[in-house]
Amino acid sequence: LFAVSIFPMIYTIWISLYDFYLPRPNSKAFIGLGNYIEILKDEMFWTAMKNTAVFMFSTIFFQFTIGLVLALVFFEEFRGKSAKAIYLPLILLPMMVAPVVVGYIFRLLYMVQWGPLNYLLGFIALGPYEWTANISTSMLSIILADVWQWTPFVTLVLLAGLVSLPSELFEVADMDGATLWQKLIFIILPLLTRVVAIILLIRMVDSLREMDKIYIMTQGGPGTSTQLVTFWAYLNGFKYFKVGYAAAMSVILLIMTIIMATGLAKFLHKEQN
């Protein structure tokens with residue numbers, strides 16, 4: 001744990017206080033908070049922050065909405081049925097695929113000339129379309145790939161939460177003639193507050209460190225339309241060799257993640273009390 005987690009974090013914080021240009025490793029100079037001040041003045045950093053916020057909130061919204069619908073369908077329609085053993089594993093397959101592979105799958109799917117999506121759109125005279133090369137749809141293309149991969153995770157966790165709820169509550173609700181919407185609002189969501197908070201926490205952290213699909217599908221482009229903070233830090237560290245600057249950016253992202261995670265944890269603790 002010390003070798004693969006604690007030491008790299010301490011080293012990252014330490015190196016973020018230096019002006020460290022990788023081609024000249026012996027000439028690094030201590031500048032204190034200089035990198036952090038420079039980052040706060042960096043327009044590209046704030047653009048990446050905006051893109052990260054759009055990506056995070058969009059993916060979480062769609063993943064939770066679709067995941068909740070699927071969990072309710074499996075809970076209500078396939079309760080005790082053998083069909084559940086067939087359909088549930090199929091829906092869970094995307095989360096078993098490595099993010100890099102998902103990036104390549106959607107990169108092929110979005111191809112202008114040979115992509116299956118544009119091929120199908122061609123039948124209704126809506127294609128071909130440059131999904132990842134157009135500023136207006138590039139972020140949407142990344143969001144769709146992430147939603148496809150991680151909605152099954154949300155579905156699985158919500159379904160586990162639904163199964164754990166007392167069946168007597170649903171039996172009484174059915175006797176009173178409650179609709180699915182009423183059961184959702186007055187029974188399911190209030191009792192699944194802890195589960196929802198855990199889902200939001202995990203998906204928030206994962207969204208903030210998204211890198212694989214961006215690297216494979218768009219490289220942060222076109223322009224800066226899909227440039228997230230993680231990818232901007234990667235470019236500064238491994239393309240421009242500004243290691244101290246990239247480390248400072250990573251520390252800022254870590255602090256943001258801790259603040260948001262702590263807020264969710266406090267909310268969860270409040271609900272428990």
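## Helix H3

Helix H3 covers residues 43–77, a run of 35 residues. In this predicted model, H3 reaches 51 Å from its first C-alpha to its last. That is close to the 51 Å expected at 1.5 Å a residue.

Asp42 caps the N-terminal end of H3. One of its side-chain oxygens lies 3.0 Å from the backbone nitrogen of Met44.

## H3 against H7

Two packed helices are described by the angle between their axes and the distance between the axes. For H3 and H7, the axes come within 6 Å and cross at roughly 40°. The two helices are therefore oblique to each other. H3 passes H7 in a right-handed crossing.

Sorted by class, the H3 contact with H7 has 21 nonpolar residues, seven polar and one charged.

## H7 against H10

Helix H7 spans residues 135–164, and helix H10 spans residues 193–208. They pack at an angle of about 155°, with their axes 10 Å apart. Because angles over 145 degrees count as roughly antiparallel, H7 is roughly antiparallel to H10. This crossing, of H7 past H10, is right-handed.

On the H7 side, the contact is made by Asp146, Trp150, Phe153, Val154, Val157, Leu158 and Gly161. H10 supplies Val195, Val196, Ile199, Ile202 and Arg203. By class, that gives nine nonpolar, one polar and two charged residues.

An α-helix has 3.6 residues a turn, so residues three or four places apart point the same way.

Technical notes
Residues are numbered from 1 along each chain as its sequence is written. This is a predicted model: local features need pLDDT of at least 70, side-chain atom pairs count only at pLDDT 80 or more; totals for chains, interfaces and linings use all residues. Side-chain values use heavy atoms; hydrogens and water are left out. Helices (H or I, at least four residues) and strands (E, at least two) are DSSP runs, numbered from the N terminus. The expected span of a helix is 1.5 Å times one less than its number of residues. A polar contact is a pair of N or O atoms within 3.5 Å; within protein, one must be able to donate a hydrogen and the other to accept it, and residues adjacent in sequence count only if both atoms are side-chain atoms. Axes are lines fitted to C-alpha atoms, for helices over the stretch in contact, and angles run from 0 to 180 degrees between N-to-C directions. Angles under 35 degrees count as roughly parallel, over 145 as roughly antiparallel, 65 to 115 as roughly perpendicular and the rest as oblique. A crossing is left-handed if the near helix is turned anticlockwise from the far one by less than a right angle, and right-handed if clockwise. Contact means heavy atoms within 4.5 Å. Ala, Val, Leu, Ile, Met, Phe, Trp, Tyr, Cys and Pro count as nonpolar, Asp, Glu, Lys and Arg as charged, and the others, Gly among them, as polar.
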